[in-house]
Amino acid sequence: MCSLSESVDLFKADLHSHSTCSDGSLTPRELIDLACLGGLHGFSITDHDTIEAYKEAVPYAKEKGILLGSGVEFSCEHRRKSIHVLGYDFSLDHPALNEYCLKQQHRRIARNKEILDRLRRLRIIIEESDIQKVHRNPLTVGRPHIAAVMLSKGYVRSIQEAFQSYLGDYGCCFVLGQPFSVAEAIEVIHQAGGKAFLAHPNLYADGSLIDEVLSFGFDGIECYYGRFSQGKEKRWLEIAKKKNLLISGGSDFHGAAKPHVFLGCSYVNRDVFFSIFTSMK
Ligand code: AMP
Ligand code: ZN
Ligand code: FE
Ligand code: FE
């Protein structure tokens, strides 16, 4: 059992992680086990375009005594730049959100086909059946799965090389796919009673782009993030304060797919957790 500390100072919640339901390497149960082992009191699984993890995670988190808040990460686009939108504290069975997940998953299927076509033109032959061996659900295949197959077939020497040379944002085989607007993702999250956060703002180089997307009705901004230095956190905290936005934070843990990022390396305290998960108060 996780022990829920009485002390405000000891409360830690990691609000950004991925399970095997998207491109993480731990199952939802394994993630919760690791979160408990790491002394986390609050947690959210923010899989790409799916909330499937919650079927097993909700009862298991209850059993383990860890506070699990609903979460998801949607891939959107603004001015042809890829923008990730985090949703929290929404109702897991809301039809609009579930339908939107499906729409995003179908975008993924079409986009992945195009990525494989581009790779094929470079004589890198990856079949959909190869990908099935590393990730069973075709609706939630992501670039890390394609990278893993490239590695296993000897086309690259590391996952990093696959991203750097082919799959990374705006690399030669990167395909954004039929774009979804940031505003639509925010709208759907709101319809489902949730709050929308701009994910890892530091990964978007263009400051004016951030100002623009923040005007679309975000509730908050992810200020604490696995790979941000402290100086970077300060910048986002100041922006959140100035724009009267909530703050969030988490590691973006993926397990083996990103071995340098540890679960709980970024986290929020009790006040921040309950400012987001108001339905759990
Ligand atoms: P997708 O959802 O298919 O667009 O893939 C996005 C995911 O790819 C991210 O959430 C990361 O897990 C992974 N990713 C993106 N860029 C890199 C990179 N340079 N190195 C390793 N993984 C990456
Ligand atoms: Zn990912
Ligand atoms: Fe992301
Ligand atoms: Fe993520």
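Q: Which pocket does the space taken by ligand 1 represent?

A: On a 1 Å grid over the protein atoms alone, a pocket is an open set of points where a 1.4 Å probe fits, with protein on both sides within 12 Å along at least five of seven lines. In this predicted model, the space taken by ligand 1 is the largest pocket. Local features need pLDDT of at least 70, and side-chain atom pairs count only at pLDDT 80 or more. Side-chain values use heavy atoms, without hydrogens and water.

Q: Which elements give two or more residues to the shell around ligand 1?

A: Helices are DSSP runs of H or I with at least four residues, numbered from the N terminus. Here α3 (95-121), α5 (143-152) and α6 (159-167) each give two or more residues to that shell.

Q: Which residues surround ligand 1?

A: A residue counts if one of its heavy atoms lies within 4 Å of the molecule. Ligand 1 is surrounded by Asp23, His48, Arg108, Arg111, Gly142, Arg143, Pro144, Gln160, Phe163, His254 and Lys258. By class, the shell holds 2 nonpolar, 4 polar and 5 charged residues, with Asp, Glu, Lys and Arg counted as charged and Gly among the polar ones.

Q: What is 2.7 Å from an oxygen atom of ligand 1?

A: A polar contact is a pair of N or O atoms within 3.5 Å. An N or O atom in the side chain of Arg111 lies 2.7 Å from an oxygen atom of ligand 1. For the side chain of His254, the distance to a ligand 1 oxygen is 2.9 Å, and for that of Gln160 the distance to a ligand 1 nitrogen is 3.1 Å.

Conventions. Residues numbered from 1 in each chain as written. Chains lettered and ligands numbered in written order. Polar contact = N/O pair within 3.5 Å; in protein donor to acceptor, adjacent residues only side chain to side chain. 1 Å grid on protein atoms, 1.4 Å probe; cavity = no way out; pocket = protein on both sides within 12 Å on 5 of 7 lines; lining within 4 Å. Sits in = over half its atoms within 2 Å of the grid points.
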